[in-house]
Amino acid sequence: MAYVIRKIKQKDITQVQDVAKTTWNATYEGIIPAEVQENFLKSAYNEDRMKQRIDSTTLYVAEVEGTVVGFANFSPVRENGKVELGAIYLYPEHQGKGIGSALVNAGIKDLDGVNEIYINVEKDNKIGKTFYEAKGFEVVKEFDDDFDGHILKTVRMVLKV
């Protein structure tokens, strides 16, 4: 199946919001209470936040047959070449087809001076952790994260590029 990786456009916002919601609900069911998920999604992916992301970060979308099926959001590169991969989500039916790798590679290729990509992943998010490990990310540390009153076991990982 052919896909296109490109930078987000204003018209993609609604589709990106749907990818975030659908993927969050599928990934974190049984890990994060539904109410906590909804609160997070409303604050992190509302119109204003999406416009901020477009203006101040690098956000790539993956498109299949004209529909956005995934996205990856990178922070600006810091002076020491470090960047945060704040989010990478793909509809479950599009996972395992190389699209997530293509999204990560777009950031590696396009972001000037990047030499380390950092991510935080929930310890029980097996799909995410397996993906990052397969890409060569290594665990830096583990910590407890107070996520809207719900304690998450978080794993911080890095990929040296």
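Colleague: Why does Glu65 count as exposed?

Modeller: Quick background: this is a predicted model, where local features need pLDDT of at least 70, side-chain atom pairs count only at pLDDT 80 or more, and totals for chains, interfaces and linings use all residues. Residues are numbered from 1 along each chain as its sequence is written, and side-chain values use heavy atoms, with hydrogens and water left out. Now, buried means under 20% relative accessible area, exposed means over 50%, and partly exposed is in between (1.4 Å probe, protein chains only). Glu65 has 76% relative accessibility, so Glu65 is exposed.

Colleague: What makes the phi of Glu65 worth a mention?

Modeller: Glu65 has a positive phi of about 50° although Glu65 is not a glycine. Glu65 sits in the loop between strand 2 (58–64) and strand 3 (67–74); strands here are DSSP runs of E with at least two residues, helices are runs of H or I with at least four, and both are numbered from the N terminus. That hairpin has two residues between its strands. Asp148 also has a positive phi, near 55°, and lies in the loop between strand 6 (138–147) and strand 7 (150–160).

Colleague: How do you know that strand 2 and strand 3 pair?

Modeller: Two strands pair if DSSP finds at least two bridges between them. Strand 2 and strand 3 have seven, in the antiparallel sense, and Val61 has Phe71 as its bridge partner in strand 3. Strand 3 also joins strand 4 (residues 82–90) through five bridges, again antiparallel, with Phe74 opposite Leu85.

Colleague: What makes strand 3 mostly covered?

Modeller: Seven of its eight residues are buried.

Colleague: Why is the pair of Phe40 and Tyr45 called edge-to-face?

Modeller: Rings of Phe, Tyr and Trp (its six-membered ring) pair if their centres lie within 6.5 Å; planes under 30 degrees apart are stacked, over 60 edge-to-face, and the rest tilted. A search of the whole structure finds eleven aromatic pairs. For Phe40 and Tyr45 the centres are 6.3 Å apart and the planes are at 75°, so the pair is edge-to-face. Phe131 and Tyr132 get that label too, because their centres are 5.5 Å apart and their planes are at 70°.

Colleague: Are Phe40 and Tyr45 buried or exposed, or something in between?

Modeller: Phe40 has 22% relative accessibility, so Phe40 is partly exposed. Tyr45 has 6%, so Tyr45 is buried.

Colleague: How do you know that Arg53 lies over the face of Tyr45?

Modeller: A charge sits over a ring if NZ of Lys or CZ of Arg is within 6 Å of the ring centre and within 35 degrees of the ring normal. Arg53 is at 4.2 Å from the ring centre of Tyr45 and lies over its face. Lys141 lies over the face of Phe143, at 5.4 Å.

Colleague: What makes a nonpolar core, and which residues touch the most other members of the largest one?

Modeller: A nonpolar core is a set of buried Ala, Val, Leu, Ile, Met, Phe, Trp, Tyr and Cys residues joined through side-chain atoms within 4.5 Å. The largest has 47 residues, and Tyr45, Phe71, Phe74, Leu85, Tyr89, Ile117 and Tyr132 touch the most other members. In soluble globular proteins, nonpolar side chains tend to be buried together.

Colleague: Which residues does Ile117 contact?

Modeller: Contact means heavy atoms within 4.5 Å. Leaving aside neighbours within four places in sequence, the contacts of Ile117 include Phe74, Leu85 and Met157.
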